[in-house]
Amino acid sequence: MINNKLINVTESRRFNGMEGEVFSYVFNKKIPMEASGLEDTYTKMCAEHFINLPDETVNKLVKYTAEYVLAVIDYYGEDFYPDEEFDFDETVPCGRVLNYLEPVVLSAVASEFISVEELTPAFRLTMSFTAIADEDIEWVVRDGEILYVGEAVKASPWDPKS
């Protein structure tokens, strides 16, 4: 179900593509969206794909994010907790990791080697991990398949390495 309350993207005045915002039920807020060099139809298809991710996929994304956060904390040790109120309870499913994620931008991403008509929906969601200063996390999904969860590196859903 797409309407102006969920997806509001228009031609960008800043770059060749689309920009706007998408409402996320996962985060219960609007998230800025961008699509550099892309048209309206494909951008909205990617936004709709994000909005309609099945609960099972969202749960996996959150679980993988929690695992990533635990690995970062384990790697850097207890001194890596700059936010004293950070309470990551491993006994609670996914440690309430969503409480510490602040969506920054949803990016529709296309492949330069596939025509727009043949593209399946793909996106990258970049989020700030508020409990750790300067720690950004991203989710990369293409056509319902989770390709990457981890440090924000602007991973492409079309890169074979993903």
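The questions and answers below walk through a predicted model of one protein chain.

User: Which pattern does the chain follow when it is read along the sequence?
Analyst: In this predicted model, the chain has 2 helices and 7 strands. Taken in the order in which they occur along the sequence, these elements give the pattern β-β-β-α-α-β-β-β-β.

User: Which strands stand at the edges of the sheet?
Analyst: The sheet is open and holds 7 strands with mixed pairing, in the order S1-S2-S3-S4-S5-S6-S7. An edge strand has a single partner strand, so one side of it is left without a neighbour in the sheet, and this applies to strand S1 (7–11) and strand S7 (145–151).

User: How do strands S3 and S4 run, parallel or antiparallel?
Analyst: In general, strands of a sheet pair through backbone hydrogen bonds, either parallel or antiparallel. Here Glu-34 stands opposite Ser-107 in S4. Strand S3 (residues 29–36) and strand S4 (residues 101–108) are joined by 2 bridges, and their direction is parallel.

User: What is the distance between the end C-alpha atoms of H2, and what span should its residues give?
Analyst: Helix H2 covers residues 55–76. At 1.5 Å a residue, its 22 residues should span 32 Å, which agrees with the distance between its end C-alpha atoms, 31 Å.

User: Against which strands do the buried residues of H2 pack?
Analyst: Helix H2 packs on the sheet, and its direction makes about 25° with that of S7. Its buried residues include Val-58, Leu-61, Val-62, Tyr-68, Val-69 and Ile-73, where buried means under 20% relative accessible area. The strands against which the buried residues of H2 pack are S4, S5, S6 and S7.

User: Is Asn-16 buried or exposed?
Analyst: Asn-16 is found in the loop between S1 and strand S2 (17–24). Its relative accessible area is 66%, and a residue counts as exposed when this value is over 50%. Asn-16 is therefore exposed.

User: Which residues is Asn-16 in contact with, leaving aside its neighbours within four places in sequence?
Analyst: Although Asn-16 and Gly-37 are 21 residues apart along the chain, their C-alpha atoms are separated by 4.9 Å. Once the neighbours within four places in sequence are left aside, the contacts of Asn-16 are Ala-35, Ser-36, Gly-37 and Leu-38.

User: What percentage of the residues of the chain count as buried?
Analyst: The chain exposes about 9,500 Å², of which carbon and sulfur atoms supply 46%. Of its 162 residues, the part that counts as buried is 43%.

Definitions and conventions. Residues are numbered from 1 along each chain as its sequence is written. This is a predicted model: local features need pLDDT of at least 70, side-chain atom pairs count only at pLDDT 80 or more; totals for chains, interfaces and linings use all residues. Side-chain values use heavy atoms; hydrogens and water are left out. Two strands pair if DSSP finds at least two bridges between them. Helices (H or I, at least four residues) and strands (E, at least two) are DSSP runs, numbered from the N terminus. Contact means heavy atoms within 4.5 Å. Axes are lines fitted to C-alpha atoms, for helices over the stretch in contact, and angles run from 0 to 180 degrees between N-to-C directions. Buried means under 20% relative accessible area, exposed over 50%, partly exposed in between (1.4 Å probe, protein chains only). Accessible areas come from the Shrake-Rupley method with a 1.4 Å probe; for residues, only the protein chains shown count as cover. The expected span of a helix is 1.5 Å times one less than its number of residues.
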